[in-house]
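Hi,

Here is the structure I promised to pass on. Have a look at it first, and then read my notes below.

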Amino acid sequence: MTTPELASLFCQDVATLQKLGLRIVVVHGGGPMINAMLEKVGVESRFEGGMRVSTEEVVDVAAMVLSGSVNKNISSGISQAGGRALGLSGRDDALLQCEKLWGGSGDDKIDLGNVGQVKVVNTDLINQLLDAGISPVIAPIGMGCKGQEDESVVYNINADVAAGRIAGELKAARVLFLTDIAGVLDKEMKLLKSLSCDDIDNLIGDETITGGMIPKVTYATDAVKLGVQGAFITDGRVPHALLNEILAGGEDGLGSGEGGTVVTL
């Protein structure tokens, strides 16, 4: 959602899908807004493997931006479009409980600071809201797991990590990851319309998939392995991208085939 117009159309799509009887959960990021605020307050940050290294100062800014203006703009936008939505962060009612996430692999671990890996999702809260006809709009700011030493720690969670885990725990029919490119691209920058989990492992291995796309595809594969029927990495620059991909694809429910990449087992 790179423009206010696209954001408005997204909110309209959520309201429309609600009226059609679909249960929609929204998990959002806000990288550009976080970057702007970090620059404004003079806090430096960097990325490792597509993840933002999150000092306490960075998390404070991320929480302020994500749980504040970004979250409320989306939830109010859905309401203004005729739907029902409630903005939450992962700290509300212990919605997203995390462990510290380390970057790298093997002996080459990278300390990402207070970046969280979601371990527990309060699906009862989400389902209660969905049963009431309300779409939860979730900012990916979490807490430590209940009863652990880090319970009071505030964790910054990659939005794709949070969305994939929430979808998996809910056994959702579909999960869509909106991005600002056409989808997963090959080395000739051509769209790969359909990928299996094994395909994705191979594409990461040969460095066709790099940077910020790695978390998206990794947690798309995790979601389908947890029972989600299909994961879509969708071009959010396309007007009504959400509506197009949810309603297209016929009985197979595999999207339009034109707006991004479908990930299946």
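Leaving aside its neighbours within four places in sequence, which residues is I181 in contact with? Keep that in mind while you find your way around, and please remember that this is a predicted model.

To find I181, go to the loop between β10 (174-179) and β11 (194-196). With a relative accessible area of 31%, I181 is partly exposed. Now for the contacts: once neighbours within four places in sequence are set aside, I181 touches M213, D235 and R237.

D235 sits in strand β12 (residues 230-235), and D235 is buried, with a relative accessible area of 9%. The cut-off for buried is under 20%, so D235 qualifies. Its side chain is joined to the side chain of R237 by a polar contact of 2.9 Å.

Next, the helices. Two packed helices are described by the angle between their axes and the distance between the axes, so those are the values I noted for two pairs.

Start with helix α6 (residues 197-205) and helix α7 (residues 213-225), whose axes come within 10 Å and cross at roughly 155°. That angle makes α6 roughly antiparallel to α7, because angles over 145 degrees count that way. The crossing of this pair, α6 and α7, is left-handed. On the α6 side, the contact is made by C197, I200 and I204, while α7 brings I214, V217, T218, T221, V224 and K225. Sorted by class, the residues where α6 meets α7 are six nonpolar, two polar and one charged.

Then turn to helix α2 (residues 31-41) and helix α3 (residues 56-80). Their axes come within 9 Å and cross at roughly 130°, which means α2 is oblique to α3. The crossing of α2 and α3 is right-handed. From α2, the residues involved are M33, I34, M37, L38 and V41, and they meet V58, V61, A62, M64, V65, L66 and V70 of α3. What classes do the residues in the contact of α2 with α3 belong to? There are 12 nonpolar residues in it, with no polar and no charged ones.

Cheers

Terms used. Residues are numbered from 1 along each chain as its sequence is written. This is a predicted model: local features need pLDDT of at least 70, side-chain atom pairs count only at pLDDT 80 or more; totals for chains, interfaces and linings use all residues. Side-chain values use heavy atoms; hydrogens and water are left out. Axes are lines fitted to C-alpha atoms, for helices over the stretch in contact, and angles run from 0 to 180 degrees between N-to-C directions. Helices (H or I, at least four residues) and strands (E, at least two) are DSSP runs, numbered from the N terminus. Angles under 35 degrees count as roughly parallel, over 145 as roughly antiparallel, 65 to 115 as roughly perpendicular and the rest as oblique. A crossing is left-handed if the near helix is turned anticlockwise from the far one by less than a right angle, and right-handed if clockwise. Contact means heavy atoms within 4.5 Å. Ala, Val, Leu, Ile, Met, Phe, Trp, Tyr, Cys and Pro count as nonpolar, Asp, Glu, Lys and Arg as charged, and the others, Gly among them, as polar. Buried means under 20% relative accessible area, exposed over 50%, partly exposed in between (1.4 Å probe, protein chains only). A polar contact is a pair of N or O atoms within 3.5 Å; within protein, one must be able to donate a hydrogen and the other to accept it, and residues adjacent in sequence count only if both atoms are side-chain atoms.
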